[in-house]
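Have a look at it first, and then we'll dig in.

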Amino acid sequence: MDARGVLKQYFGYDSYKPGQESIIESILAGQDVLGIMPTGAGKSVCYQVPALLLPGITVVISPLISLMQDQVKALNEAGIHAGYINSSLTEGQITKVYELASLGTYKILYVAPERLETDAFYLFSQRVDISMVTVDEAHCISQWGQDFRPSYLNITDFIRNLSKRPVISAFTATATEEVKTDIVCVLSLNEPNVVVTGFNRENLYFSVETMKQKDAFVVDYIDKHPNDSGIIYCATRKNVDELYELLRGKGVPAAKYHAGMGNEERKRHQNDFIYDRLPVIVATNAFGMGIDKSNVRYVIHYNMPQSMENYYQEAGRAGRDGESAQCILLFAPKDVRIDQFLLEHKEFKDVPPEDIELIKQRDVRRLQVMERYCRTTGCLRNYILNYFGERTEGPCDNCGNCHREFTEIDMTEAARQVINCVYETRGRYGLSVVIGTLLGAKRARLKELGTIEYRSYGKLPNLSEAEIRMLIDQMILDGYLIQTEEEYSVLRMGDITPLRDEQTRVLIRIYEEKKEESKKKKKRRNTDALTGVGYDLFEYLRAFRLQVAREEAVPPYIVFNDKTLIDLCVKLPTDRDSMLSVTGVGEAKYEKYGERFINAIREFMAERPNAMTSMAVEAGEEAPAGEVPVKKSSKKEEYCLTPEKAEQFSYRDLLSLTEIGEELNRLADLTVMKKAVRVRIWEHLVGWGYTEEKMIDGRMMKVPTELGKQKGIVTVDRISQKGFHYSLLMYPPVIQNEIVNFYVREVQSKVQD
């Protein structure tokens, strides 16, 4: 079997993602590789596919227990024998793993870097054929990276002591040019194929919100996205505990995670989130590395992270399934002070004393980069990509700053006063002293330093501290000023030559939010192609998947991710061949789950014979898997009814939303107007206060409100032929009539207009 055959049989994919084929071919040819690929780009497939084709075993060095457990669980589900060795196992269990690996049962073995130093692992490595050593999270080996782990330096000695040098493959999602060079050097990669697929995650929407009332923002956001799975990162354990208690007090089904919790409690909360029992988790950055939860729809940073590398890695845990997701950073000036405090108390275990000062300088620089990201008025996506050395062409038009209307203010004269003040300080003082001096602040510190005697003292009394800070940030970006990278950074003169020209202007941009309709059209979601019946089937399969996952004791996304469920709704497989054509369904997944899902689909569709579950997309949009785009000759009108057509609606005692939609569409000319879709009707019912979604028994359920119950909306429990329980909301004639009249009023209002 070749690499593509392995990709299809075990992982269920027909084609490679960008960069994967080049890496896999290099490994199989015996060449070292370094893959720098963003989260969700498929790094693990790059070493797992060749690991199955190489003659011996592949040792994967990974930093976290949760990462190993997640990967091994997914591999075993795909029919690939894999194991791990770390501190979560007993000595007896570790001995068993060594035994199975030595017999060739395991093709892939995950180990913690600390394990490489043990005598047991050394003896094991000498008696087995190690074809490849894979270094995951490879940036951890660089002292100049944001997450340096001294234990990673053991890897070099481990490889050197092997009787035969294996292929070395290294992977990371975040690496500057400096860190990339360090990885190649420290690991002694031999003429490696370095593949950088780009850092851009187009499905992620970045925004920065400067505010003080962060709690209110978080509560409001979750209230508006009750069905979405999300992560909220906080800088300290105290913040995690306080926000967690606040959310629980508001009735939000949330989990929490930080290093101060007991192991069992931490594991329970993590599993509640991963298994979709609780949709929200509040955590420090101790959470998330290696967590392959694909349906995270948002990541909110309650505090500013200490580096762009940390931020992009954490934010990148959103939208791993390729669907649209939001990455929101809540910024307040005190966040900078919190991060400075944390860096001042950072431990430097096993780091040579001569390197500590240099590492501190790099930490300060990274913090400055992060603060400027929070304050920039430019494109946020471009700021991130430029930091990682990726060239950009124009604003992305898909981030918070690109969706703000900016007004330029000429602050040239104020900039000259800033230059005068920095000149008078002779480069000895930092930002707060310069700002205080220009404001004319009455501070003992300024009197002590003598800056109240400067000619620049009090020269900008009409500006706020925030405005002067914004001006100085812009001047640093323009090169007029330099902010040093020491622990206590100071401002110094840059190249001010352009300011000597009277024509040179220093312009600052301030903004107001753009109106919603002026924003770029949101990226299409895969579920947008589903009809009302298709969406009902999707929800049905999600509930069925949860039941299967609980029976198998695995997270739901390990069974099938949402993208696979959507493709099931589009293709409606009826046999083995059609099931294997569904994205994400390989041989092992089919053997384990295929027939169960085919039967579930068959049962659901038996009650809706000939119903359409998906439709072709609008012209100019990308069709989902299994669909062919159809060009529209003209744009259809929104759905509406004439009074005459409304009188022909066939009322019954109880109808489901799908049945109501089908009856409405029977009455309309669908060649000139769009269908009445179930999702839109549901939104109206929620808006009228008749229905809502609530967390019940670990999953979100659609239920009637008290007003809805008074109107006669009921929940009907049904059991499929296979004994699978599911619920359906049914609506009486009074609700049916309100829906019909709504669409009649819609057409009447258009006539009046």
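Q: Over how many bridges do strand 5 and strand 6 pair?
A: Keep in mind that this is a predicted model. Strand 5 and strand 6 pair in the parallel sense, and one spot to look at is Met 132, which stands opposite Val 167 in strand 6. The number of bridges in this pairing is 4.

Q: Which residue in strand 5 is the bridge partner of Ile 61?
A: Start with strand 2 (residues 57-61), which runs parallel to strand 5 and is joined to it by 5 bridges. Ile 61 sits in that stretch of strand 2. Its bridge partner in strand 5 is Val 135.

Q: What is the strand order in the open sheet of 7 strands?
A: The pairing in this sheet is parallel, with the twist averaging 15° from one strand to the next. Its edge strands are strand 3 (82-85) and strand 7 (193-196), and each of them pairs on one side only. Reading across, the order is 3-4-2-5-6-1-7.

Q: At about what angle does helix 2 run to strand 7?
A: Helix 2 (residues 20-28) lies across strand 1, strand 5, strand 6 and strand 7. Another helix, helix 4 (residues 65-77), lies across strand 3 and strand 4 and runs at about 165° to strand 3. For helix 2 against strand 7, the angle is about 165°.

Q: How are helix 1 and helix 3 arranged relative to each other?
A: Helix 1 (residues 3-11) and helix 3 (residues 43-53) pack with their axes 10 Å apart, at an angle of about 110°. Angles of 65 to 115 degrees count as roughly perpendicular. That's why helix 1 and helix 3 are described as roughly perpendicular.

Q: How many nonpolar residues are in the contact of helix 1 with helix 3?
A: Helix 1 brings Ala 3, Val 6, Leu 7, Tyr 10 and Phe 11, while helix 3 brings Val 45, Gln 48, Val 49, Leu 52 and Leu 53. Sorted by class, there are no charged residues and 1 polar one. The nonpolar count is 9.

Q: What is the handedness of the crossing of helix 9 and helix 10?
A: The axes of helix 9 (residues 214-224) and helix 10 (residues 237-249) come within 11 Å and cross at roughly 45°. That makes helix 9 oblique to helix 10. The crossing is right-handed.

Q: How many charged residues does the contact of helix 9 with helix 10 have?
A: On the helix 9 side you'll find Asp 215, Val 218, Val 219 and Ile 222, which meet Leu 243, Leu 246 and Leu 247 in helix 10. By class, 6 residues are nonpolar and none are polar. The charged count is 1.

Q: Which residue in strand 11 stands opposite Tyr 257?
A: In a regular strand, side chains alternate between the two faces of the sheet. Strand 10 (residues 254-257) is covered on both faces, with Ala 254 and Lys 256 buried on one side and Ala 255 and Tyr 257 buried on the other. Strand 10 pairs with strand 11 in the parallel sense over 4 bridges. Opposite Tyr 257 stands Ala 283.

Q: Is Glu 191 buried or exposed?
A: Glu 191 is found in the loop between helix 8 (177-186) and strand 7. Its phi is near 40°, a positive value in a residue other than glycine. Since its relative accessibility is 66% and the cut-off is over 50%, Glu 191 counts as exposed.

Methods
Residues are numbered from 1 along each chain as its sequence is written. This is a predicted model: local features need pLDDT of at least 70, side-chain atom pairs count only at pLDDT 80 or more; totals for chains, interfaces and linings use all residues. Side-chain values use heavy atoms; hydrogens and water are left out. Axes are lines fitted to C-alpha atoms, for helices over the stretch in contact, and angles run from 0 to 180 degrees between N-to-C directions. Helices (H or I, at least four residues) and strands (E, at least two) are DSSP runs, numbered from the N terminus. Angles under 35 degrees count as roughly parallel, over 145 as roughly antiparallel, 65 to 115 as roughly perpendicular and the rest as oblique. A crossing is left-handed if the near helix is turned anticlockwise from the far one by less than a right angle, and right-handed if clockwise. Contact means heavy atoms within 4.5 Å. Ala, Val, Leu, Ile, Met, Phe, Trp, Tyr, Cys and Pro count as nonpolar, Asp, Glu, Lys and Arg as charged, and the others, Gly among them, as polar. Two strands pair if DSSP finds at least two bridges between them. Buried means under 20% relative accessible area, exposed over 50%, partly exposed in between (1.4 Å probe, protein chains only).
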